[in-house]
Amino acid sequence: MSECTKLSHHLDNLPSWITEVSRIEGVVTYKTLDSTAGFVRFQNDGGVEYIFVRGLYRRQGLAQRLLAEVAEITGQTPYALPPISPLGSKLFKVPPTSPN
C-alpha cells in the first residue's frame, strides 16, 4: 500500500477549504486554492523540525492533524526538536527554548 493511499482517509476529515495535501519525504503540506494553510517538517523518528499554520487557519485543529500525519507516517509519537517557539511549546506542552 503506498503512503498516499494509506493516508488518503485524512482528506475526508479535512476542512473543505483544504484543496490539496502534499506528502514528500519528511514534509506534509496542506494547501488552499491560493496559499499554504500549514505544513510540518519532520524526521523519521517523529522529531518535528518545524510546524507552521497560517494565522487565518489557526485554532481549527490543523496542527493536531499535521502531527497525526507524522505519527501515522513514522509510526512514532511526534516530539518537538529545539529550538521550540512559544507557540510550539503550547502545542507540544513543553517549555520554549532559545535558539542560542
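Predicted model: local features only at pLDDT ≥ 70, side-chain atom pairs only at ≥ 80, totals over all residues.
Residues are numbered from 1 along each chain as its sequence is written, and side-chain values use heavy atoms, leaving out hydrogens and water. Local features need pLDDT of at least 70 and side-chain atom pairs count only at pLDDT 80 or more, while totals for chains, interfaces and linings use all residues.

I start with the strands, which are DSSP E runs of at least two residues, while helices are H or I runs of at least four, both numbered from the N terminus. Strands pair if DSSP finds at least two bridges between them. Strand 2 (residues 27–31) and strand 3 (residues 36–42) are antiparallel, with five bridges, and Lys31 sits opposite Thr36. Strand 3 also runs antiparallel to strand 4, again over five bridges, and there Gly38 has Val53 as its bridge partner. Four residues separate strands 3 and 4 in a hairpin, where Gly46 in the turn has a positive phi of about 95°.

Now Val48, in strand 4. Is Val48 buried or exposed? Its relative accessibility is 3%, so Val48 counts as buried (under 20% relative accessible area with a 1.4 Å probe, protein chains only; exposed is over 50%, partly exposed in between). The C-alpha atoms of Val48 and Ala80 are separated by 5.0 Å, though the residues are 32 apart along the chain.

Last, the largest pocket holds about 680 Å³ of space. A pocket is an open set of points on a 1 Å grid over the protein atoms alone, where a 1.4 Å probe fits, with protein on both sides within 12 Å along at least five of seven lines; lining residues have an atom within 4 Å of a point. The volume is the space filled by probe spheres set on the points, which are joined across faces, edges and corners. Strand 4 gives the largest share of the lining, six residues.
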